[in-house]
Amino acid sequence: MTTETLLQVKDLKTHFFLEDGVVPAVDGVSFHLNRGETLAVVGESGSGKSITATSIMRLIPNPPGKIVGGEILFNGQDLLRKTEKEMRDIRGNRISMIFQEPMTSLNPVFRVGYQISESLMIHQGLNKKDALEKSIEMLRLTGIPSPEKRVHDFPHQMSGGMRQRVMIAMALCCRPELLIADEPTTALDVTIQAQILDLMLELKEQMGTAIIMITHDLAVVAEVADRAVVMYCGKLVEESTVLELFDKPLHPYTKGLLKSIPHVNSTQEKLYMIDGMVPPLTHLPAGCAFAPRCPEAQPRCHMERPMLREISPGRRVSCWLYEGGGE
Amino acid sequence: MLKYIVKRLLLLIPVLFGVSLFVFLVLHLFTADPAAMMLGQHATKEQVEALRESLGFNKPLYVQFGIFLSQILQGDFGTSLMTRSAVTDELLTRFPATIELAFAAMLIATVVGVTVGVISAVKQYSLFDYLSMVGALLGVSMPIFWLGLMLIIFFSVTLGWLPVSGRIAVGMEPSTITHFYLIDSLLTGNWEAFKSAVSHLILPAVALASYSMAIIARMTRSTMLEVIRQDYIRTARSKGLVESVVVFKHALRNALIPVITVIGLQMGSLLGGAVLTETVFSWPGIGSFVVNAILAGDFPVVQGGVIMVATVFVVVNLIVDVLYAFLDPRIKYS
């Protein structure tokens with residue numbers, strides 16, 4: 001695997017300006033992604049992982065949302081400085097995205113073939129006929145049986161798994177360098193989940209696409225990702241390779257997430273869960289945002305906000321426990 | 001689909017039967033004796049009775065209804081009590097004028113209403129949005145006859161841009177083929193007549209359209225606001241589509257489905273509103289004619305007029321239902 005950097009997010013800040021205050025949904029997030037690599041972005045609902053993804057696409061609804069700071073370097077060029085037209089040439093072409101809800105992510109009034117063709121027509125200048133041919137080919141790649149017939153289906157004539165395959169075909173038809181998958185399997189049956197993940201990995205190998213996999217499901221992380229970043233309340237709390245993350249989680253939040261995975265052969269009667277709730281982003285505690293729920297919290301955690309520090313190469317954590325540069 | 005259309009057209013028969021029965025009963029049970037009205041207050045009882053007999057009003061109601069129905073089936077709506085000429089002829093010469101006015105109003109209401117609604121939704125909470133929604137409120141609340149008079153005073157009297165009333169300048173009438181002046185003048189290549197007909201049509205059509213335009217604008221705005229937040233709109237944007245394609249193709253196509261329903265229903269209020277508009281603008285249509293007929297107790301004209309309007313309304317709603325299937329592939333008729 002090459003280690004050329006494809007995407008570098010630096011100190012990204014996306015805030016939402018609502019009537020009851022400013023919500024710092026993403027607050028100073030930095031991470032990078034190498035070409036052909038799969039990075040998992042892990043966190044609970046509201047941790048800012050989807051907003052991070054949407055910010056990379058520059059599709060934050062404005063108002064109320066706004067990217068207020070930072071840089072998103074894609075192949076060394078800052079996406080935040082691109083004009084809207086330049087961004088349109090990138091979206092769906094060099095960076096594409098698939099979403100959580102396959103049932104509602106396709107337009108109900110257009111045939112799936114047309115919806116895939118649309119990307120090909122705008123980005124590759126294909127005419128209708130060639131674009132449809134290519135769409136059939138893409139559907140075949142995603143494992144849809146008799147694609148030359150299904151290409152004329154409307155979304156409502158397909159199952160959820162099928163639709164997610166169509167979404168993947170649509171996202172990958174222009175061979176993007178980066179695919180952002182926002183919880184692509186959350187809404188699917190477990191058996192279909194595995195199929196879709198396998199499909200994504202297979203196509204990624206074929207096309208050399210890098211993937212940002214947004215998920216709250218650590219099983220998905222273990223299965224597909226090379227590295228992972230863990231987000232909590234709009235901030236990065238830990239960054240690590242997947243192996244190390246599962247082997248030796250550092251941040252108490254990550255530890256909690258890992259403990260929450262139920263095990264079949266466990267003797268525990270009750271499932272583990274992290275106490276308390278995610279605090280509202282408008283009223284974050286003064287210290288570490290996780291401190292109120294943290295089993296290892298010290299007095300300092302409630303007073304001062306820890307910084308993200310590099311513990312070892314490629315391993316970063318923001319927690320006062322590791323202030324000394326390791327345990 | 002064809003089977004469905006045929007089925008719906010066959011349903012027209014019971015609907016029109018119901019309408020005929022209702023109009024017939026209302027007119028015969030709740031209005032004054034037309035024979036007496038025709039003869040005036042100085043007529044003797046014997047004269048009135050003689051007229052009733054010659055017009056067939058002395059027969060039992062169900063017999064009268066039977067005669068009425070058998071006449072309708074032959075396309076005969078009887079003879080007008082006022083003008084003594086065949087109601088069918090009277091209505092056919094006036095009906096195209098009403099249809100022309102109503103469809104012109106529908107066109108204006110739809111085009112302007114949908115456009116304003118889309119822009120308001122896309123630019124929610126902007127100045128345009130606020131102004132157009134206030135405008136829509138005015139459109140809903142202004143009575144047609146008042147708006148009509150104001151338009152005449154401003155555009156015809158003060159500015160002198162458009163004619164005050166009528167359907168076309170005197171002596172300009174195109175040779176009749178369809179009785180629709182716009183179509184006839186185009187067919188005969190008579191540009192002067194076409195221009196005159198259009199200039200006469202603008203003010204009444206705008207006055208008539210105002211209410212429906214406001215309703216359509218509000219409806220379009222609210223459905224667009226809903227649609228534009230859907231996941232598939234985000235998908236369309238993430239594909240790199242231009243915003244205008246996202247809005248007018250991906251969003252509007254979905255938003256139009258409920259709007260079409262409203263447009264179909266508005267056709268009813270347009271045909272009803274035509275009565276007032278025609279009176280204000282001296283438009284020689286069916287509306288003002290039927291109103292006069294009601295005042296004069298001219299049964300056959302009222303019956304004929306109501307049945308014709310009901311037919312148009314039912315057909316328009318059939319067209320709306322067919323449009324649904326065209327706009328939304330999830331709708332199937334069988």
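Into which domains is chain B divided? The points below start there.

1. Chain B falls into domain 1 (2-73) and domain 2 (95-327), with bounds that come from an automatic or database domain assignment. Taken over C-alpha atoms, the centres of domain 1 of chain B and domain 2 of chain B are 32 Å apart. Their contact takes 14 residues from domain 1 of chain B and 12 residues from domain 2 of chain B; two residues are in contact if their C-beta atoms, placed from the backbone, lie within 7 Å.

2. A word on the basis: this is a predicted model, in which local features need pLDDT of at least 70 and side-chain atom pairs count only at pLDDT 80 or more, while totals for chains, interfaces and linings use all residues. Residues are numbered from 1 along each chain as its sequence is written, and chains are lettered from A and ligands numbered from 1 in the order in which they are written.

3. On the side of domain 1 of chain B that touches domain 2 of chain B, helix 1 (2-30) and helix 2 (34-39) of chain B each supply at least two residues. Helix 1 of chain B gives the largest share, 10 residues. By class, this side has 11 nonpolar, two polar and one charged residues. Helices (H or I, at least four residues) and strands (E, at least two) are DSSP runs, numbered from the N terminus. Ala, Val, Leu, Ile, Met, Phe, Trp, Tyr, Cys and Pro count as nonpolar, Asp, Glu, Lys and Arg as charged, and the others, Gly among them, as polar.

4. Do have a look at helix 5 (residues 87-122) of chain B: its end C-alpha atoms are 50 Å apart, which agrees with the 52 Å that 36 residues should span at 1.5 Å a residue. A kink of about 30° lies at B:Arg94 in this helix, shortly before the proline B:Pro96; the bend is the angle between axes fitted to the seven residues ending there and the seven starting there.

5. For "transmembrane region" (unreviewed entry), UniProt lists several stretches of chain B, including 134-162 and 255-276. Residues 255-276 of chain B are 100% helix and 0% strand, with end C-alpha atoms 32 Å apart. For residues 134-162 of chain B, the values are 79% helix and 0% strand, with 27 Å between the end C-alpha atoms.

6. Between the chains, 23 residues of chain A are in contact with 19 residues of chain B.

How values were computed
Expected span 1.5 Å × (residues − 1). UniProt positions renumbered as here; feature names shortened; annotations may be inferred.
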